[in-house]
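Reader: Please show the model, then take the questions one at a time.

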Amino acid sequence: MPSYTEENYLKAIFKLAEAEPGSEVSTNRIAEVLQTRAASVTDMLRRLGEKGLLNYTRYRGVSLTPEGRRLALLTIRKHRLWEVFLVQKLGFNWDEVHEVAEEMEHIQSPLLVRRLDEFLGFPQTDPHGDPIPTEEGAILRPQNRLVADLTPGDSGTVVAVKNTSASFLQYLDKVGLCLGAHLEVLDKVSFDNSLEIKVNKQKTTLISAEVSRNLFVTG
C-alpha cells in the first residue's frame, strides 16, 4: 500500500489533472498545492514512477497510470465518506470536516470503508456536493451548472461548491446558500458580473462574480 505522503501526491495529481484535462501536471503546480519544494516533488515523482503509479518525464510533467489513478480515487473515496460520517453522524458543520477527513482518509482497511459506506446508506455525494467514487474507481460527473453561467430569470437548487475553504463555506452559511437552497437570478451587474439573487424565494442578496464561479446548481 502507498504511504501517507504518497497517497497525498497521487490525490493532488489526480485533482490537478481533472482541473486541466488533456494536459500533464507540472512539478511546480504539485509543489504549490502541497506547499513543498520542487526538489522534494521531483524526488517523490521519481519514486512513484518506479512503483508504476505515474508516468514522469523530467521537465514535461506527470500523468497517473491506471493503478495510480485507482489509488488516488480510493483515497478520495475514503476522504469523502468520512466527511459524510462527520457531518451526518457526529454533527460537524461542513466547514469543519476537511482537515479531520485528511487524517482519516489514510486508514488502510478496505473492510472498514465498505462497512462505513453501508452504514451511511451508500451516499453518492459528500457534504460539499462532490461525487464519491465507487470501490471500483468509477466516479459520476453530474451535469450541474455554474451560477456564473446563469442569466436573469434562471433558477436552480444549490448542489455543490467548488471552493471548500472554511471561510467560503462560512460565508455561504451566512447568506443562506447551503446545499439544497433554491436561488433565482434577478439581475446581473454588467460592471463586475455580480448577481442579484433571491434565496429560497424570500431573501434578496447580491453575490460577487467570485462567489458565482464557485457554486453549482441543478434544475
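Author: Buried means under 20% relative accessible area, exposed over 50%, and partly exposed in between, with a 1.4 Å probe and protein chains only. This is a predicted model, in which local features need pLDDT of at least 70 and side-chain atom pairs count only at pLDDT 80 or more, while totals for chains, interfaces and linings use all residues. Residues are numbered from 1 along each chain as its sequence is written, and side-chain values use heavy atoms, with hydrogens and water left out.

Reader: Is lysine 201 buried or exposed?
Author: Lysine 201 lies in the loop between β6 and β7 (203-207); helices (H or I, at least four residues) and strands (E, at least two) are DSSP runs, numbered from the N terminus. Its phi is positive, about 60°, although lysine 201 is not a glycine. Because its relative accessibility is 65%, lysine 201 counts as exposed.

Reader: Which value does phi of asparagine 193 take?
Author: Asparagine 193 sits in the loop between β5 and β6. With a relative accessible area of 40%, asparagine 193 is partly exposed. The residue is not glycine, yet its phi is positive, near 60°.

Reader: What accessible area do Val189, Phe191 and Leu206 have together?
Author: Phenylalanine 191 is in the loop between β5 (182-188) and β6 (195-199), and at 77% relative accessibility it counts as exposed. Patches are made of residues with over 30% relative accessible area and no salt bridge, like charges being joined within 9 Å and nonpolar side chains (Val, Leu, Ile, Met, Phe, Trp, Tyr) within 5 Å. Accessible areas come from the Shrake-Rupley method with a 1.4 Å probe, and for residues only the protein chains shown count as cover. Val189, Phe191 and Leu206 form a nonpolar surface patch, and their accessible area together is about 340 Å².

Reader: Which feature does UniProt place at residues 1-65?
Author: The span is 57% helix and 12% strand, and its end C-alpha atoms lie 16 Å apart. UniProt positions are given in the numbering used here, feature names are shortened, and annotations may be inferred rather than shown by experiment. The UniProt record, an unreviewed entry, gives these residues as "domain: HTH dtxR-type".

Reader: Which residues have the most contacts inside the largest nonpolar core?
Author: A nonpolar core is a set of buried Ala, Val, Leu, Ile, Met, Phe, Trp, Tyr and Cys residues joined through side-chain atoms within 4.5 Å. The largest one has 21 residues, and those with the most contacts inside it are Ile13 and Ile30.

Reader: Which element supplies the largest share of this core?
Author: At least two residues of this core come from each of α1 (4-19), α2 (27-34), α3 (38-50), β2 (61-64) and α4 (66-88). The largest share is five residues, and its source is α1.

Reader: How many residues are in the other core, which lies apart from it?
Author: Val147, Val158, Leu172 and Leu183 are among the members of this other core. The number of residues in it is 20.

Reader: Which residues does isoleucine 30 touch, not counting residues up to four places away in sequence?
Author: Contact means heavy atoms within 4.5 Å. With that exclusion, the residues touched by isoleucine 30 are Tyr9, Ile13, Leu16, Val25, Val41, Leu45 and Val62.

Reader: How far apart in space are leucine 34 and asparagine 8?
Author: Leucine 34 lies in helix α2 and, at 27% relative accessibility, counts as partly exposed. Leaving aside neighbours within four places in sequence, leucine 34 is in contact with Asn8, Tyr9 and Ala12. Leucine 34 and asparagine 8 are 26 residues apart in sequence, and their C-alpha to C-alpha distance is 8.2 Å.

Reader: How many salt bridges does a search of the whole structure find?
Author: A salt bridge is a side-chain nitrogen of Lys or Arg within 4 Å of a carboxyl oxygen of Asp or Glu. The search of the whole structure gives a count of 13.

Reader: Why are glutamate 67 and arginine 70 separated by about one helical turn?
Author: Their side chains meet in a salt bridge (2.9 Å, N to O). The separation is about one helical turn because, in helix α4, glutamate 67 and arginine 70 are three residues apart.

Reader: How many residues apart in sequence are the parts that glutamate 135 and arginine 114 tie together?
Author: Glutamate 135 forms a salt bridge with arginine 114, with 2.5 Å between the closest N and O atoms. Glutamate 135 lies in the loop between α6 (110-119) and β3 (145-146) and arginine 114 in helix α6, so the parts tied together are apart in sequence by 21 residues.
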